[in-house]
Each structure stands twice: as C-alpha cells, then as structure tokens.
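Please read this briefing alongside the sequence and the structure shown here.

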Amino acid sequence: MLQKLAEIKSKAIDELSNLSDLKELEAWRVRYLGKKSELTQILRGVASLPLEQRKAVGASANELKATLERHYRENKDTLKERAFQDVEAAAKVVKDVSLPGRPIPLGRLHPTTQMVREICDIFVALGFQVVEGPEVEWDYYNFEALNIPPDHPARDMFATFWIETESGQRPMLLRTHTSPMQIRVMERTRPPVRVVVPGKVYRYEATDATHESMFYQIEGLAVDEHITFSDLKGTLYNFARRLFGEERQVRFRCDYFPFVEPGVEMAIDCMVCGGSGCRLCSGTGWIEILGAGMVHPDVLRRVDYDPEVYTGFAFGLGLERIPMLRYGIDDIRLFYSNDLRFLSQF
Ligand code: PHE
C-alpha cells in the first residue's frame with residue numbers, strides 16, 4: 001500500500017510539469033484528488049486495514065494528499081499568471097501597420113455659442129464687460145423694477161412661465177428677457193457701468209418657424225455721467241457695421257418699453273436687396289434687429305442712482321435672428337433640435 005502511494009506521488013508530480021493550461025490542471029486535480037481517485041479510495045479504506053498497517057498508511061496517505069493539494073495551488077497561480085501575460089502579449093502585436101487609423105469625430109461650437117462670442121467680442125472691443133445672470137428670476141427683477149407692476153398691460157408682451165412657489169413667497173418665473181440683469185448689475189456696482197449680458201430667456205408661446213419657447217438674448221447697458229442718445233446711436237451703429245458689414249445703414253424708430261424713455265427699435269438696411277425690397281425684408285427694405293432706449297429715471301432711482309447726475313442707454317437683441325438672417329436659416333427650431341445635419345454646417 002505504501003508502495004502504491006509512492007507510485008501515485010511520482011506519477012502525479014511527473015505529469016504536473018507537462019501541464020500547459022488551467023483546463024489541464026483541473027483534469028489533473030480530478031484525476032489525483034477527485035472523489036474517484038486512487039488516493040481518495042485508499043483514504044476511505046484506511047479504517048478497515050489491519051491495525052499494524054492503519055497508522056502508517058493513514059499518515060502517508062494524508063501527507064500525500066496535502067502535498068498534492070499544495071502543488072495544485074502553486075501550479076494554479078503560475079498558470080493563471082501565464083494566461084494573463086499571453087492575452088497582454090497578443091494585444092501588443094501589431095497586425096497590419098498599413099491599416100488606416102480610426103477617424104476621431106471632431107466636435108465644434110454650437111452656432112448660437114459662436115454668435116454669442118462674436119457679438120460679445122464686438123462689445124468688449126467697445127469697452128463693455130460680459131456678465132451672466134440667473135434664468136430663474138424673481139418677478140421683481142423681471143418686471144417690477146423695470147416699471148412693470150403686477151397689473152401693467154406691458155406684461156402681455158411677455159408670455160411668462162411661472163414657477164410654483166409656497167404661498168406667501170415672492171413670485172418667481174423663468175426670465176422672459178435679459179433686462180432683469182440691468183437691475184442686478186446696477187444694484188451691486190456704481191457708475192460707470194458698461195456691460196453686455198448674453199443668456200437664455202423663456203416665453204410661454206406656441207413654437208413655429210420664428211418662435212421658440214427658449215431662445216437667447218444679449219442685453220446691453222451703459223450708465224455714466226453725460227451719456228446721451230447720440231452715444232446709443234453711435235454705439236449701435238458701430239456694432240451693426242462690425243457685424244453686418246461696413247456699408248450697413250441703420251434706422252431708429254420710436255418704440256415702447258416701460259423701462260426706457262425714449263424707446264426705439266433699430267433696423268438695418270436689408271443686406272440682400274440693399275433697401276429696394278425683397279422677400280427677406282418682406283418688401284420694406286429694412287430688417288428690425290433690436291430694441292433700445294435711454295434708461296428710465298425711475299429705474300435709476302430704484303437702484304439709488306441719481307438721475308440728475310447719471311444717464312444711460314440699454315438695448316436688447318434676439319440672438320438667433322442674426323445667424324438666421326446671415327445664413328438664410330428659415331426655421332428657429334433647427335437650432336435646438338440636436339440635428340447634426342444642421343449643426344455641422346456651422
Ligand atoms: N427686453 C426687451 C425685450 O425683450 C428689449 C429691450 C432691452 C428694450 C433693453 C429696450 C432696452 O423685448
């Protein structure tokens with residue numbers, strides 16, 4: 001019996017050195033340590049051996065079992081390590097150096113972002129700073145402080161998304177224009193003020209080719225001593241020529257916004273027909289691009305600016321209209337429907 005155990009041991013250890021992977025090692029384990037292996041049979045039979053053999057056979061069978069189990073564990077570790085190295089090495093092999101590389105799709109800035117940057121750059125060159133403000137706004141900044149109290153008819157100009165608030169809390173909304181930032185900027189600075197404010201605004205309106213419920217505006221505000229309507233005209237004329245070309249003409253006509261006095265709308269001569277009338281300008285020769293005016297004295301008083309000392313002008317323009325005019329885009333909804341066929345053209 002002891003002889004038999006010695007044979008099993010040398011055979012098992014012999015075979016170990018020929019194993020090349022984990023699957024073969026598993027088969028080896030079943031063969032020498034499994035339930036049906038010779039060793040297991042011998043161990044089971046130890047109890048029925050004559051007393052004088054029992055001790056010696058039992059001891060060396062158990063010792064062999066422990067030895068084989070140790071060999072099994074050690075071989076398992078090395079084979080695992082080798083399998084891992086094989087996979088790594090395979091991955092490093094360059095199979096075909098002439099294969100073309102995989103193209104990396106290049107991203108780009110959204111046309112709106114490009115426009116915001118282009119317009120802000122023009123005003124930065126004219127001495128303005130760029131600031132941003134909250135899209136969720138208090139009624140106070142969006143309306144009240146801009147001379148639009150709760151029952152004022154001018155509220156009808158702005159179809160508003162209201163935010164649900166606790167009863168007793170001040171009314172809150174999605175800003176309908178960037179003008180609330182006029183107040184926020186003046187509240188925390190003293191003149192001179194020269195800022196432009198790009199950002200999203202919201203209107204509770206049905207969408208169509210010229211209306212979106214979310215779009216961008218750029219607000220402008222300049223307040224200082226001795227600022228006059230000529231400054232407003234000069235600044236916006238300069239802006240229009242930088243953006244639309246040196247030969248541009250501008251037209252100012254009276255308009256009404258409760259927070260400016262006087263208020264105007266500015267138009268440029270149509271860049272397609274040059275003023276003779278075409279489809280783009282619907283036959284008028286002019287294209288309206290922004291609203292503006294001299295900051296209302298009541299607005300100045302509200303932020304503790306003395307209207308006897310300080311005057312200023314403000315303007316606001318819808319951003320998407322400009323690339324629409326420039327590139328002949330006929331539907332504003334294209335900007336925000338995430339269609340790469342549209343976006344990748346800019
Ligand atoms: N906030 C106005 C609008 O959205 C535009 C405007 C801004 C007019 C500043 C005058 C001065 O219609």
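The points below cover domains, sheets, cores and salt bridges, in that order.

This is a predicted model. The chain is divided into domain 1 (2-92) and domain 2 (111-343). An open sheet of seven strands and an open sheet of three strands are described below, along with a nonpolar core of 38 residues and a separate one of 30 residues.

**Domains**

- Domain 1 covers 2-92 and domain 2 covers 111-343.
- The centres of domain 1 and domain 2, taken over C-alpha atoms, are separated by 84 Å.

**Seven-stranded sheet**

- The strand order is E1-E5-E6-E10-E9-E8-E7, in an open sheet with mixed pairing.
- The edges are strand E1 (129-130) and strand E7 (250-255); each has a single partner strand, so one side of each has no neighbour in the sheet.
- E1 and E5 run parallel and are joined by two bridges, with Gln129 having Val195 in E5 as its bridge partner.
- E5 and E6 pair over ten bridges in the antiparallel sense, and Val195 stands opposite Leu221 in E6.
- Eight of the ten residues of E5 are buried, which leaves the strand mostly covered.
- E6 and E10 run antiparallel and are joined by nine bridges; the bridge partner of Glu225 is Tyr310 in E10.
- Helix H7 (residues 180-188) packs on this sheet and touches E5, E6 and E10, its direction making about 40° with that of E6.
- H8 also packs on the sheet, where H8 touches E7, E8, E9 and E10; the direction of H8 makes about 150° with that of E9.

**Three-stranded sheet**

- An open sheet with antiparallel pairing has the order E2-E4-E3.
- Strand E2 (136-138) and strand E3 (162-163) are its edge strands, and each pairs on one side only.
- E3 and strand E4 (residues 172-174) run antiparallel, joined by two bridges.
- Trp162 has Leu173 in E4 as its bridge partner.

**Nonpolar cores**

- The largest nonpolar core has 38 residues, and Ile119 and Leu290 are those with the most contacts inside it.
- Helices that give two or more residues to this core are helix H5 (111-125), helix H8 (229-244) and helix H10 (321-327).
- Strands that give two or more residues to this core are strand E5 (193-202), strand E6 (214-225), strand E8 (260-269), strand E9 (286-295) and strand E10 (310-318).
- Beyond its neighbours within four places in sequence, Leu290 is in contact with Leu236, Phe239, Val264, Glu265, Met266, Phe315, Gly316 and Leu317.

**Salt bridges**

- The whole structure contains 18 salt bridges.
- Glu38 and Lys4 meet through their side chains in a salt bridge (2.8 Å, N to O).
- Glu38 is in helix H3 (residues 38-45) and Lys4 is in helix H1 (residues 2-16), so this pair ties together parts that are 34 residues apart in sequence.
- Glu38 counts as partly exposed at 43% relative accessibility, and Lys4 counts as partly exposed at 32%.
- Arg241 forms a salt bridge with Glu246, with the closest N and O atoms 2.6 Å apart.
- Arg241, at 26% relative accessibility, counts as partly exposed, whereas Glu246, at 54%, counts as exposed.
- Arg251 and Glu265 meet through their side chains in a salt bridge (3.4 Å, N to O).
- This pair links distant parts of the chain, with Arg251 in strand E7 and Glu265 in strand E8, 14 residues apart.
- Arg251 counts as buried at 19% relative accessibility, and Glu265 is buried with a relative accessible area of 11%.

How values were computed:
Residues numbered from 1 in each chain as written. Predicted model: local features only at pLDDT ≥ 70, side-chain atom pairs only at ≥ 80, totals over all residues. Heavy atoms only, no water. Core = buried A, V, L, I, M, F, W, Y, C linked by side-chain atoms within 4.5 Å. Buried < 20%, exposed > 50% of the residue type's maximum accessible area, 1.4 Å probe, protein only. Helix = DSSP H or I, 4+ residues; strand = E, 2+ residues; numbered from the N terminus. Contact = heavy atoms within 4.5 Å. Pairing = 2+ DSSP bridges. Axes fitted to C-alpha atoms, helices over the stretch in contact; angles between N-to-C directions. Domains from an automatic or database assignment. Salt bridge = Lys/Arg side-chain N within 4 Å of Asp/Glu carboxyl O.
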